[in-house]
Amino acid sequence: MSSTILELKNASIYQRESLILSEVNVSINKGEFVYLIGKTGTGKSSFMKTLYGDLPLNHGSGHIVNVDLRKLKEKQIPQLRRKLGVVFQDFKLLNDRTIKDNLWFVLKATGWKNKQEMEQKIDEVLEKVGMRTKNFKFPYQLSGGEQQRVAIARALLNDPELILADEPTGNLDPQTSIEVMEVLQQINKNGNTILMATHDYALLLKYPSKTLKCDGQKVFEVVQKTQKQV
Ligand SMILES: Nc1ncnc2c1ncn2[C@@H]1O[C@H](COP(=O)(O)OP(=O)(O)O)[C@@H](O)[C@H]1O
Ligand SMILES: [Mg+2]
């Protein structure tokens, strides 16, 4: 059984007047782990931004987590973001507060009220990324890999239907990238759907999965030449 969590049909994506991607036909099913690859400047981030409502979709059609991107109004964007977990290259943690308070802040901002439930949820997501024992630390006291794991935990707070990760390993060294990938793989095994933009081909070889590529203003699925190592 498969259910579609994201579908774009004949979509074009613009940055102001410049066409970045055209005739985009993409669909992602619940439970998949999908890469979005392509050289710098080929439109990966523009694609991601369209999905989380940062760029409007004015051409073609698009549905994500049951939201119609063509009909998306400004005031519905927070609601859309709550159904998505977004992870960025630069972590975007608040440096003036602890890990726990970073997560607390997001829960408050998304309407959580019950303190015991909030504590529980924070413990639960930090446990998933192996950071529970460091919840008292400040972001600057953590390594890049640890900060990114916290950012992934933050993305999990509202049980997102889909996680969008835009170059989550882009600021990390190869060994730390693997550490973060292991976390994403584990989360995917537990049922989360993930779309991850990257230009790190080493990760693709190590963790083969469905791959979309941005090239020449198009997005197409690439057939993996490498086989899973046993
Ligand atoms: N805010 C913006 N305004 C205008 N053009 C932009 C903006 N952001 C990106 N672009 C352009 O869109 C193209 C695709 O960029 P981007 O989506 O960031 O690619 P990638 O993430 O693959 O590196 C590039 O040519 C870039 O210069
Ligand atoms: Mg980018």
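This report describes the sheets, the helix packing and the ligand shell of a predicted model.

## Basis of the description

In this predicted model, local features need pLDDT of at least 70 and side-chain atom pairs count only at pLDDT 80 or more, while totals for chains, interfaces and linings use all residues. Residues are numbered from 1 along each chain as its sequence is written, and chains are lettered from A and ligands numbered from 1 in the order in which they are written.

Helices (H or I, at least four residues) and strands (E, at least two) are DSSP runs, numbered from the N terminus. Strands of a sheet pair through backbone hydrogen bonds, either parallel or antiparallel. Two strands are taken to pair if DSSP finds at least two bridges between them.

## The six-stranded sheet

An open sheet of six strands has the order β6-β7-β8-β3-β9-β10, with mixed pairing. Its edge strands are β6 (84-87) and β10 (218-222), each of which pairs on one side only. Ignoring direction, neighbouring strands of this sheet are turned by 20° against each other on average. Such angles run from 0 to 180 degrees between N-to-C directions, and axes are lines fitted to C-alpha atoms, for helices over the stretch in contact.

At one end of the order, strand β9 (residues 210-215) and β10 are joined in the antiparallel sense by five bridges. Within this part of the sheet, K213 stands opposite F220 in β10.

## The four-stranded sheet

The other open sheet has four strands in the order β2-β1-β4-β5, and the pairing is antiparallel. Here the edge strands are β2 and β5 (67-68), each pairing on one side only.

Strand β1 (residues 4-15) is joined to β2 by eight bridges, and the two run antiparallel. The bridge partner of L8 in β2 is V26, and E7 stands opposite S27 in β2. The hairpin of β1 and β2 has two residues between the strands, and R16 there takes a positive phi near 50°. β1 also pairs with strand β4 (residues 59-64), in the antiparallel sense over five bridges. On that side, E7 stands opposite H63 in β4, and K9 has S61 as its bridge partner in β4.

## Helices across the sheets

Helix α1 lies across strands of both sheets. In the six-stranded sheet, α1 lies across β3 (33-37), β7 (162-166), β8 (194-197), β9 and β10, running at about 150° to β7. In the four-stranded sheet, α1 lies across β1, β2 and β4, at about 120° to β1. Helix α5 lies across β6 and β7, and runs at about 165° to β6.

Helix α3 (residues 99-109) and helix α5 (residues 144-156) pack at an angle of about 25°, their axes 10 Å apart. That makes α3 roughly parallel to α5, a term for angles under 35 degrees; those over 145 count as roughly antiparallel, 65 to 115 as roughly perpendicular and the rest as oblique. α3 passes α5 in a right-handed crossing (the near helix is turned clockwise from the far one by less than a right angle; anticlockwise is left-handed). In this contact I99, N102, L103 and V106 of α3 meet V150, A153 and R154 of α5, where contact requires C-beta atoms, placed from the backbone, within 7 Å. The contact residues divide into five nonpolar, one polar and one charged. In this division Ala, Val, Leu, Ile, Met, Phe, Trp, Tyr, Cys and Pro count as nonpolar, Asp, Glu, Lys and Arg as charged, and the others, Gly among them, as polar.

α5 also packs with helix α6 (residues 174-189), at an angle of about 20° and with axes 9 Å apart. That makes α5 roughly parallel to α6. α5 passes α6 in a right-handed crossing. G144, G145, Q148, R149 and I152 in α5 meet T176, E179, V180, V183 and L184 in α6. This contact divides into four nonpolar, four polar and two charged residues.

## The shell around ligand 1

There are 13 residues around ligand 1, of which Q15, G41, K44, S45 and S46 come nearest. A residue counts as near if its C-beta atom, placed from the backbone, lies within 6 Å of the molecule or strand in question. The elements giving two or more residues to this shell are β2 (18-29) and α1 (44-51). α1 gives the most, with three residues. The shell around ligand 1 divides into two nonpolar, nine polar and two charged residues.

Definitions and conventions: Two residues are in contact if their C-beta atoms, placed from the backbone, lie within 7 Å.
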